[in-house]
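Biologist: Hi, I'm new to this one. Could you walk me through a few spots in it?

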Amino acid sequence: MKKYISVPSRTKEILDQYGIRAKKGFGQNFLVDPVIVERCAQMSQCEGAVIEIGPGIGSLTEMLARYAKHVTAYEIDARLIPVLEDVLSDYDNVEIIMADFLEEDLDAKAKQLKEQYGKVSVCANLPYYITSQILFRIFECPYISAVTVMVQKEVGDRFAAPVGSPDYSALSVEGQYLYTVKKLFTVPGRSFNPSPNVDSVIIQFVRKETEQSNEEIQAFFALVRGCFKQRRKTVYNNLKEYLQNAEKAASVLEKAGISPSKRAQELAVEDLQKIYEVLR
Ligand code: SAM
């Protein structure tokens, strides 16, 4: 029987066979811990279709293919495509797309997968250099019900960050607004090849029921990002810029009962919602 791709000796064999060295520029750290990989796939609520960003040499993809009906994996590094096609050739439910995930039409893909498989989730060990952009993009997509991602510990901390703490950001607000957020477990640096200096965490987002349309959610998120644009500025200054109108910014904040001298990181999700309601 073949060893799992994430068994360290098999990972090494694959990397040697294809002459692959991890590219720092693409945030490549390959998982070499079959217990963690299996736990992650098992807990990812991936019983329908699952989307993976950055399959690398396929360690998580392989496990997802065992638990999900279908796996769609986006990989930017052309060197890894023949490797993935080879090591995953036993699975006929895996689709590899060679692309920059951020350039793809996620809504169209997720909609199609939802129609075909009933449920769509995301499970991935994210490249650290674009973690936030990827999460923002996923949060905007209305067809995804659960997101399980491995991220660097400091990014994970942002989701549990209370109002007023330095980690509290637009990403925390969006995550907490749309999802129930849970930290599943910590992954030590030694579980990766090459091993980074920092630990990672697996965070899970399960989408809450909402009555709001996707357009309304997108409009709220645009406002949130506007309010957090320059963290050192007051909410009034950021809002003034976002609305391109100083008078309107002042009156919206007054009607929402929010002091213009506050900064966005001092505002709870409900405060930002109040601003949005007044603006509407
Ligand atoms: N999933 C593999 C694992 O756990 O061993 C690899 C994870 S590694 C942290 C991140 C992966 O994302 C790499 O394979 C990298 O090439 C890929 N990647 C980086 N930027 C990407 C992008 N914009 N679109 C798609 N894949 C990307």
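**A few spots to look at**

Modeller: Happy to! Let's start with Gln244, which is exposed, with a relative accessible area of 69%; exposed means over 50%, buried under 20% and partly exposed in between, using a 1.4 Å probe and protein chains only. Before we go on, this is a predicted model, where local features need pLDDT of at least 70, side-chain atom pairs count only at pLDDT 80 or more, and totals for chains, interfaces and linings use all residues. Residues are numbered from 1 along each chain as its sequence is written, and side-chain values use heavy atoms, leaving out hydrogens and water.

Biologist: Where is Gln244 found?

Modeller: Gln244 sits in the loop between helix H10 (235-243) and helix H11 (246-256). Helices (H or I, at least four residues) and strands (E, at least two) are DSSP runs, numbered from the N terminus.

Biologist: And what is the phi of Gln244?

Modeller: Gln244 has a positive phi of about 55°, although it is not a glycine. Gln45 also has a positive phi of about 55° without being a glycine. Gln45 is in the loop between H2 and strand E2 (49-53), and is partly exposed at 29% relative accessible area.

Biologist: Changing topic: is Glu75 buried or exposed?

Modeller: Glu75 is buried, yet has no salt bridge, meaning a side-chain nitrogen of Lys or Arg within 4 Å of a carboxyl oxygen of Asp or Glu. The nearest side chain of opposite charge, Arg79, is 7.7 Å away; here Lys and Arg count as positive and Asp and Glu as negative, while His and the chain ends are not counted.

Biologist: So what does the side chain of Glu75 reach?

Modeller: From strand E3 (residues 70-75), the side chain of Glu75 reaches the backbone nitrogen of Asp77 at 2.9 Å.

Biologist: What about Met43, which residues is it in contact with?

Modeller: Leaving aside neighbours within four places in sequence, Met43 is in contact with Thr148, Leu184, Phe185 and Gln204, where contact means heavy atoms within 4.5 Å. Met43 lies in helix H2 (residues 34-43) and is partly exposed, at 33% relative accessible area.

Biologist: One more, which residues are joined by a cis peptide bond?

Modeller: Asn193 and Pro194 are, with omega about -10°. You'll find Pro194 in the loop between strand E8 (192-193) and strand E9 (200-207).

Biologist: Thanks, that gives me places to look!

Note on methods: Polar contact = N/O pair within 3.5 Å; in protein donor to acceptor, adjacent residues only side chain to side chain.
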